[in-house]
Amino acid sequence: MDRWLFGVTVVLCLLGAVMIFSASAVTAEKEYTHSYYFLIRQAAWLILGLLGMFALMRTDYRRLRQPAVVYTTVCVVLLLLVGTFFLDKSHATHRWIRYGPIGIQPSELAKLAVILYLAWFLDQKRRNKTAMEFCKQDFLQTILPAAGPVLICVCLVLAQPDLGTAMDIVLVATTIIFAAGLSWKWIAAGFATSLPVLYLLITLVAYRNARLSSFLHPDSDPQGAGFQLMQSLIAVGSGGFTGVGLMESKQKLFYLPEAHTDFIYAVICEELGYIGAMIVIALFLAYGWRGLRAAFAAPDGFGRLLALGITALVLSQALINFAVVLGMVPTKGIPLPFVSYGGSSLLVMLLATGVLLNISQQATET
C-alpha cells in the first residue's frame, strides 16, 4: 500500500471533519437544534467511504476492465441522471435522488463512470492498433465512441442544471483522451466549438450572468450577486498569517453562505491562516505526486489511464475550489475533495482513491 497516498487521504478527511464541525456548528444549532448535525452525517458517509476504499484497495483493478462492469456502471449512472428529472426539485435543481434522510448526487458518480469508460475504451483501442494507426484518430471508430457517452453525461448534468460539474467532467475526460494519444488539433477544435456553447450557457441564464458580473466587479453589488464572493475574500483576508484560531471564525456566523460546503476553504484560511491554507494545498500536491507516480508506474495502459483520470479528478476539483474561494474564477458549486461537507462527493473520492491505491500497489509489486 502507498502509505503516503493513504496517509494524505486520511489526513484530509479528518481535517475536513474538524472544519465541517467548526464551520457548521452554529448553523446546525439554529436550523436543526443540534450542533453536531452535519458532523454526524459526514461521519456516517466517511465510514461508508472508508469501507468502500478498503474493499477496492484489496480488489485487483483489472476486474474493472471487464465489459460487463464498464457497461453496467455507465448504464446505471445514466439511469440515475435521468431519474433525477422525475423527482421533486431540491434548491430549484434536479441534482438529487433522495430516500428519507439519505440523498445521493448522481453527477458525482458520473465522474467515476466517465473515467472508467474512457480508460477501458481507449486502452482497448490502443491494444488493437499500432501506435501509428491510433494517432491517425479515426473519427467514427475512436473519437466519436469515446466522446459520445461523455457528452450524454455532460448534457444530462447541464440540464439539472449544473454547469460547474459538467465542465469538471469535460476537463477530466479531455485529460484522459489526450494522455491516450489524442492529437492536440482535435482538442483545439473541441475547445473552439465549445466556446460559443459556453458563452450561450452563461449569457442566456440570468443567475450565471449575474455570477460573471459579480466576479468581474464584486463590489458593484456587495449585498446581492457579489455578496458570497465578498464575504469569502473577507474571511481569507481576516486570517492573516496564523489565523484567528480554530472555531473562532466570524464569517461563518451567517455571513458567508455555504461555509461548510463549497466555501469551507475560506473558513480554513480565516481560522488557520496562511499556514493552514498552505498545508491544505501541500496535502493535495502530495496526493497529486503519488497519483501521478502510480499512473506512470502502472503495469498496463488501463491502469495508467485510470490512475491519471482519478488524479486529475481530485486535483481539478481542488484547484477550481481554491480559485473560486480566492476570487480567481466565477463562483461554481464545486466542493473541496475530502474536506467539504457532502456525502456523495466524499464517497466518490474515497472509492476512487481505493482504486488508485490498488493500482499503486500493483505497480509496486510489478
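This is a predicted model: local features need pLDDT of at least 70, side-chain atom pairs count only at pLDDT 80 or more; totals for chains, interfaces and linings use all residues.
**Stop 1: helix H12.** Select residues 301-325 to bring up H12, a helix of 25 residues. From its first C-alpha to its last it reaches 36 Å, close to the 36 Å expected at 1.5 Å a residue. Now show the rest of the model again: 21 of the 25 residues of H12 are buried, so this helix is largely enclosed by the rest of the structure. Just after H12, click on Gly 327, which takes a positive phi of about 75°.

**Stop 2: helix H7.** Next, select residues 163-179, the 17 residues of H7. At 1.5 Å a residue they should span 24 Å, and the end C-alpha atoms are 24 Å apart, which agrees. Buried residues in H7 include Leu 163, Asp 168, Val 172 and Ile 177. After H7 comes Gly 181, with a positive phi near 120°.

**Stop 3: the core.** Which residues have the most contacts inside the largest nonpolar core? Select Leu 118, Leu 122, Tyr 265, Phe 284, Leu 306, Leu 336 and Phe 338 to see them; the core itself has 90 residues. H11 gives the most to this core, with 14 residues. Zoom in on Leu 118: leaving aside neighbours within four places in sequence, its contacts include Ala 146, Val 150, Ala 173, Ile 176 and Ile 177.

**Stop 4: the surface.** Finally, select Phe 241, Tyr 274, Ile 275, Met 278 and Ile 279, which make a nonpolar surface patch of about 490 Å². Met 278 is found in helix H11, residues 264-297. Is Met 278 buried or partly exposed? Its relative accessible area is 36%, so Met 278 is partly exposed.

How values were computed
Residues are numbered from 1 along each chain as its sequence is written. Side-chain values use heavy atoms; hydrogens and water are left out. Helices (H or I, at least four residues) and strands (E, at least two) are DSSP runs, numbered from the N terminus. The expected span of a helix is 1.5 Å times one less than its number of residues. Buried means under 20% relative accessible area, exposed over 50%, partly exposed in between (1.4 Å probe, protein chains only). Patches are made of residues with over 30% relative accessible area and no salt bridge: like charges are joined within 9 Å, nonpolar side chains (Val, Leu, Ile, Met, Phe, Trp, Tyr) within 5 Å. Accessible areas come from the Shrake-Rupley method with a 1.4 Å probe; for residues, only the protein chains shown count as cover. A salt bridge is a side-chain nitrogen of Lys or Arg within 4 Å of a carboxyl oxygen of Asp or Glu. A nonpolar core is a set of buried Ala, Val, Leu, Ile, Met, Phe, Trp, Tyr and Cys residues joined through side-chain atoms within 4.5 Å. Contact means heavy atoms within 4.5 Å.
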